[in-house]
Amino acid sequence: VREVLETAAAKGVRVGSINTNTFQDQEYKLGSFGSPDETARQRALKHCLESIRLGQEVDSGVVTLWFADGTNYPGQDDIRTRKHRFETALKQCHDALGEGQTMLLEYKPFEPAFYQTDIADWGMSYLHCRKAGPKAKVLVDTGHHYPSQNIEQIVAWLLDEQMLGGFHFNDRRYADDDLTLGSIDPYQVFRIFHEIHAYAADTGTYPAIAYMVDQSHNLKPKTEAMIQTATTAQELWLKAARVDRARLREAQQNGRILDAEETLKTAFRQDVTPLLADWRRARNLPEDPLAAFRESGYLAHIEKDRRERREALGIAGGGGGYA
Ligand SMILES: [Mn+2]
């Protein structure tokens, strides 16, 4: 742990969220916190408590919990009993949190469970958080919704209730596709950011939100995909910041629907590339991060380095997962 902390400090980065994993082992076949098997529940709880303690050790303020728990067939287990098991375990996790630690609870409608998922939507996550205590907040993974669901409305409601803890950003075409942010529907991301800017404008402060990326870079080169994601997020964040809120409010107040909508679209259409280039230049950062990364030759260097180390260790291939 100390070595990780020292390396991070030397590179000018910090440890982000600690993510628990209570879904990969066979023991969790019937679930983790929701399992009818007491041993599996205890094991999951122990793992989560250890993750919370690890978070304290590495000075990470955020512990993210996602559960694959659910059932595949009607009658497989009692839905309310599973809910109660979750309430008990989540409360224990919450009470183990240190000062400045927040527990984020993720939801997902289906997969891997196909009949009933124990924490299937934002309402279930919200209720669990409220019962667990004030350090528990909802995590919105943009891919964890049914196709036509209005995600920005969920974001607006959670913001208004001070219950939005963070995001897992990604994009999708069908379900939890984990594609890169804004690759399919950039206007969706813009609308989410618009709700955050609007909330901040109305309340005078930006809420403390953990912005995280939960993507699966199967085909795109990982580092380039992350740079593309970060710059896409910056562009859409800036576009949403440039919505003329006074004009929007006025149009809304007078029922001028078309003008209200155009206020959003005008901001969305703006080319913010020059503004972002200025912002980066002022911070001694490359104006075009992707081009700078490609010119650096870093990718070829680490690929060679990793290949050699893997060969030396006799390891081939990589891992995978979902959350
Ligand atoms: Mn996620």
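This is a predicted model: local features need pLDDT of at least 70, side-chain atom pairs count only at pLDDT 80 or more; totals for chains, interfaces and linings use all residues.
**Whole chain**

I looked up the secondary structure and found 12 helices and eight strands in the protein chain. I then checked the overall dimensions: the C-alpha trace spans about 60 × 55 × 40 Å along its principal axes. The chain exposes about 18,200 Å², of which carbon and sulfur atoms supply 53%. Among contacts between residues at least 6 apart in sequence, I recorded that 73% join residues at least 24 apart.

**Helix α5**

I examined α5, residues 151-160, and listed its buried residues as Ile151, Glu152, Ile154, Val155, Leu158 and Leu159. They lie on the same side of α5, because they cover an arc of only 155° around the axis. On the other side of the helix I found Trp157 and Asp160 exposed. I next asked what covers the buried residues; the cover includes α4 (122-132), β6 (136-141), β7 (164-169) and α6 (186-203).

I also inspected both ends of α5. At the start, a side-chain oxygen of Asn150 reaches to within 3.3 Å of the backbone nitrogen of Glu152. Just after the helix, Gln162 takes a positive phi of about 55°.

**Asn254**

I located Asn254 in the loop between α8 (245-253) and α9 (257-269). Asn254 counts as partly exposed because its relative accessibility is 48%. I recorded a C-alpha to C-alpha separation of 24 Å between Asn254 and Arg269, which are 15 residues apart in sequence.

Notes:
Residues are numbered from 1 along each chain as its sequence is written. Side-chain values use heavy atoms; hydrogens and water are left out. Buried means under 20% relative accessible area, exposed over 50%, partly exposed in between (1.4 Å probe, protein chains only). Helices (H or I, at least four residues) and strands (E, at least two) are DSSP runs, numbered from the N terminus. The arc is that of the directions from the helix axis to the C-beta atoms. Contact means heavy atoms within 4.5 Å. A polar contact is a pair of N or O atoms within 3.5 Å; within protein, one must be able to donate a hydrogen and the other to accept it, and residues adjacent in sequence count only if both atoms are side-chain atoms. Accessible areas come from the Shrake-Rupley method with a 1.4 Å probe; for residues, only the protein chains shown count as cover.
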